[in-house]
Amino acid sequence: MEINVLWLYPDKMNLHGDRGNMMAISKIADAMGITLNITRANSASEAGNLSDIDFIYIGSGQMDHMKALTNDLKSIEAEIKNYTENGGYFLIIGSSGCMLSKNFTRYDGTVENGLGILNMTAKELDRKKMPYVTREVYGDDILFKTTDGMEIAGCQIQCMDFTLQGADAFGKVIYGYGNNTTDGTEGARYKNVIFTNTVGPLLSLNPWLGVRVLSNIAEKKGIDISRFNENDVVYMDYARKSMELKKQFIKEKFKLPGICANI
């Protein structure tokens with residue numbers, strides 16, 4: 001019972017400690033009795049055959065790396081698109097989401113093309129010109145509900161606005177910045193491709209999402225996890241209690257000036 005994970009750009013795309021997502025999903029896999037084979041690849045040439053991969057992960061990263069790494073991904077663009085069109089799972093975090101967008105605009109006006117897997121555009125924020133709009137997201141909370149009703153909480157440190165051009169949102173903002181502060185959307189989803197602005201890291205704070213992803217992959221591969229219970233995850237109870245505390249803390253924030261939506 002094995003699931004194969006491709007962790008792309010683990011050294012450069014780890015701006016907010018999101019290697020913790022791989023640590024978290026490994027713990028979840030252990031609880032499920034699944035062997036998780038994680039391949040680290042710092043270039044597309046190291047990625048190997050994507051037909052052998054069940055789950056691709058890219059963490060958050062600095063904007064200075066985006067053009068080069070997007071161009072690197074384009075060297076296997078056909079393979080990635082075939083992987084995603086055939087239901088492969090892909091999780092991409094933070095500003096790195098621009099690599100899967102139609103295009104992204106740097107603060108100096110330079111426009112770069114992404115892979116276009118997610119029908120959205122991205123624009124880098126110029127903090128010098130918009131200090132008030134952006135100051136809240138050097139590390140504010142984010143709380144949102146996915147389109148299928150799952151609550152997700154974490155941290156958002158935003159340097160890009162994302163505008164959905166037809167892509168489905170991953171969720172709807174309850175508190176925080178989300179994609180752009182204006183339309184209440186958070187992240188994007190296409191088939192089994194998930195983009196979210198949530199760092200923290202995401203799967204450490206919200207193990208139920210990791211359980212959902214691995215359960216779906218297991219079902220797809222015919223892996224029997226019928227004996228698994230969410231409570232088998234060693235930190236699940238802690239995460240649930242932490243979520244309730246975060247929600248209570250965020251409710252108190254609504255009494256203060258800030259960026260809020262869809263309470």
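A cavity is a set of grid points where a 1.4 Å probe fits but cannot get out. The views below show a predicted model.

View 1. The structure holds 1 cavity of 30 Å³ or more. The space in the largest cavity amounts to about 60 Å³. Its lining consists of Ile 25, Phe 55, Tyr 89, Phe 90, Leu 91, Asn 192, Ile 194, Leu 203, Leu 209, Gly 210 and Val 213. Strand 4 (89-93) and helix 6 are the elements that give two or more residues to this lining. By class, the lining of the largest cavity comprises 9 nonpolar and 2 polar residues, with no charged residue.

**View 2. The largest pocket.** The volume of the largest pocket is about 260 Å³. A total of 17 residues line the largest pocket, and those nearest its centre are Leu 15, Gly 61, Gln 62, Met 63 and Cys 159. The lining of the largest pocket is made up of 5 nonpolar, 8 polar and 4 charged residues.

**View 3. The second largest pocket.** The second largest pocket holds about 180 Å³ of space. Its lining counts 13 residues, with Leu 50, Ser 51, Asp 52, Ile 53 and Tyr 83 nearest the centre. Two or more lining residues come from each of helix 3 (77-85) and helix 6 (207-221). Helix 3 gives the most to the lining of the second largest pocket, namely 3 residues. In this lining, 3 residues are nonpolar, 5 are polar and 5 are charged.

**View 4. Packing of helix 6 against helix 7.** Helix 6 packs with helix 7 (residues 236-253) at an angle of about 130°, and the two axes lie 9 Å apart. Helix 6 is therefore oblique to helix 7. On the side of helix 6, the contact involves Pro 207, Trp 208 and Val 211. These residues meet Met 236, Ala 239, Arg 240 and Met 243 of helix 7. The residues of this contact divide into 6 nonpolar and 1 charged, with no polar residue.

View 5. An open sheet of mixed pairing is formed by 4 strands in the order 6-5-7-10. Strand 6 (111-113) and strand 10 (160-164) are the edge strands, each of which pairs on one side only. On average, and with direction ignored, neighbouring strands of this sheet are turned by 20° against each other. Strand 5 (residues 103-105) and strand 6 run antiparallel and are joined by 3 bridges. Within this pairing, Val 111 in strand 6 is the bridge partner of Thr 105.

**View 6. Tyr 107 in the loop between strand 5 and strand 6.** The loop that lies between strand 5 and strand 6 contains Tyr 107. Apart from its neighbours within four places in sequence, Tyr 107 is in contact with Glu 124, Leu 125 and Asp 126. Between Tyr 107 and Gly 87, the separation is 20 residues in sequence and 34 Å in space, taken from C-alpha to C-alpha.

Note on methods: Residues numbered from 1 in each chain as written. Predicted model: local features only at pLDDT ≥ 70, side-chain atom pairs only at ≥ 80, totals over all residues. Heavy atoms only, no water. 1 Å grid on protein atoms, 1.4 Å probe; cavity = no way out; pocket = protein on both sides within 12 Å on 5 of 7 lines; lining within 4 Å. Points joined across faces, edges and corners; volume = space filled by probe spheres on them. Nonpolar A, V, L, I, M, F, W, Y, C, P; charged D, E, K, R; others polar. Axes fitted to C-alpha atoms, helices over the stretch in contact; angles between N-to-C directions. Parallel < 35°, antiparallel > 145°, perpendicular 65-115°, else oblique. Contact = heavy atoms within 4.5 Å. Pairing = 2+ DSSP bridges.
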